[in-house]
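The following note concerns the packing of secondary-structure elements in the model shown below. Kindly read the points alongside the coordinates.

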Amino acid sequence: ILRLSKRVYFLFLIVVRGLDKINLRIACEKCFSFLIVVRRQILKTIFADKEMDELTDVTITRKPQILSRLEYDFKNQPDLAQTLIALCPIMNIPFKFTGLSSLKLKETDRIEAMKNEMAKLGYVLHDSNDSEMTWNGERCEVSNPIIIDTYKDHRMAMTFAPLSIKLGKLFINNPEVVSKSYPHFWDDLRKVGFSIEEIEQE
């Protein structure tokens, strides 16, 4: 069992890598909220019968068919938006996400940051009304090499790092930003099979 608290980034292992099943142990309302977003959409989830504030086992299995489009209002879970903003294009799932106004007021303007960094991966995202983001399948040239800027934002690093499962090698600038919320993030990635190398900047 992979023990996680307050982090949902390891769900990339099943969604992107194509694993059939993964077991998690979570203890956070936001993690439950995230799973509720994607259950009936991308994943099937089975929760153990425990109280919300207790460690709870969750069995997650991948659905055989990926949905054609995802729409969701992140007003009550804005910190989880970046994960799905990155995940959907990688899985070729067009999306429209609303309720994102607070993303412009976080550690960085996360709407602009996501547009910039997803463009490096070859995906053209659009925003409107300072609170909506969409991807309708538009592509652009992929950067080579792929170097992700983190904008002093821990969630940028944690959102993009797992994408290496699908994309292969990528570089994360200022990886130490994860220390704000998840100081052992890189160690935990190594434990589940990621190869991580620290490179000195020239």
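**Sheet and helix packing**

1. An open sheet is formed by four strands in the order β5-β6-β8-β7, with mixed pairing; strands (E, at least two residues) and helices (H or I, at least four) are DSSP runs numbered from the N terminus, and two strands pair if DSSP finds at least two bridges between them. The edges are held by β5 (70-73) and β7 (126-128), each with a single partner strand, so one side of each has no neighbour in the sheet. On average, neighbouring strands are turned by 10 degrees against each other, direction ignored.

2. The model is predicted: local features need pLDDT of at least 70, side-chain atom pairs count only at pLDDT 80 or more, and totals for chains, interfaces and linings use all residues. Residues are numbered from 1 along each chain as its sequence is written, and side-chain values use heavy atoms, leaving out hydrogens and water.

3. Strand β5 runs parallel to β6 (residues 95-98), to which four bridges join it. D73 stands opposite T98 in β6. Helix α3 packs on this sheet, touching β5, β6 and β8 (132-135), and its direction makes about 170 degrees with that of β6; contact means heavy atoms within 4.5 Å, and angles run from 0 to 180 degrees between N-to-C directions, with axes fitted to C-alpha atoms, for helices over the stretch in contact.

4. Helices α3 (residues 81-90) and α4 (residues 110-120) pack at an angle of about 25 degrees, their axes 11 Å apart. They are therefore roughly parallel to each other (angles under 35 degrees). In α3, Q82, I85, A86 and P89 meet R110, M114 and M118 of α4.

Key
Parallel < 35°, antiparallel > 145°, perpendicular 65-115°, else oblique.
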